[in-house]
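Hi there,

Here is the structure I promised to pass on to you. Have a look at it first, and then read on for my notes.

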Amino acid sequence: MMNCAFCQKKITIKFILSIYGISATEIANAVHLSKSMVWKHLNGDSYNENIDIYIINKVFGLKIEGNNFVCKK
């Protein structure tokens, strides 16, 4: 396995998704994208920041509005 920053991000995201039980279908429904687009993002073939924002929101409870973080209560 390569030890590059991209590979580490990919492994970390998949680990977080498995720990929190977040599926590609759940992400696709929440951000209104196709499941294949979500898988391409998770595998590194494409990039969509809305997917990362959804994961951050789900895991850390932060809502991103513009360039500001808002803590959910």
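A residue counts as buried under 20% relative accessible area, as exposed over 50%, and as partly exposed in between. Please keep in mind that this is a predicted model.

Let's start with tryptophan 39, which lies in helix α3 (residues 35–43). Its relative accessible area is 39%, so tryptophan 39 is partly exposed. Alanine 24 sits 15 residues away from tryptophan 39 in sequence, and the two C-alpha atoms are 6.8 Å apart in space.

Next, take a look at helix α2 (residues 24–31) and helix α4 (residues 49–60). Their axes come within 10 Å and cross at roughly 110 degrees, which means that α2 is roughly perpendicular to α4. On the α2 side, the contact is made by Glu26, Ile27, Ala30 and Val31, and on the α4 side by Asn50, Ile51, Tyr54, Ile55 and Lys58. These contact residues comprise 6 nonpolar, 1 polar and 2 charged.

Now for the salt bridges: the count is 2. In one of them, lysine 58 meets glutamate 26, at 3.1 Å from N to O. Because lysine 58 belongs to helix α4 and glutamate 26 to helix α2, this pair ties together parts 32 residues apart in sequence. Lysine 58 is partly exposed at 43% relative accessibility, and glutamate 26 is partly exposed at 24%.

Lysine 9 also forms a salt bridge, with aspartate 52, and their closest N and O atoms are 3.8 Å apart. Here lysine 9 in helix α1 (residues 5–20) is linked to aspartate 52 in helix α4, 43 residues apart.

Enjoy exploring!

Methods
Residues numbered from 1 in each chain as written. Predicted model: local features only at pLDDT ≥ 70, side-chain atom pairs only at ≥ 80, totals over all residues. Heavy atoms only, no water. Axes fitted to C-alpha atoms, helices over the stretch in contact; angles between N-to-C directions. Helix = DSSP H or I, 4+ residues; strand = E, 2+ residues; numbered from the N terminus. Parallel < 35°, antiparallel > 145°, perpendicular 65-115°, else oblique. Contact = heavy atoms within 4.5 Å. Nonpolar A, V, L, I, M, F, W, Y, C, P; charged D, E, K, R; others polar. Buried < 20%, exposed > 50% of the residue type's maximum accessible area, 1.4 Å probe, protein only. Salt bridge = Lys/Arg side-chain N within 4 Å of Asp/Glu carboxyl O.
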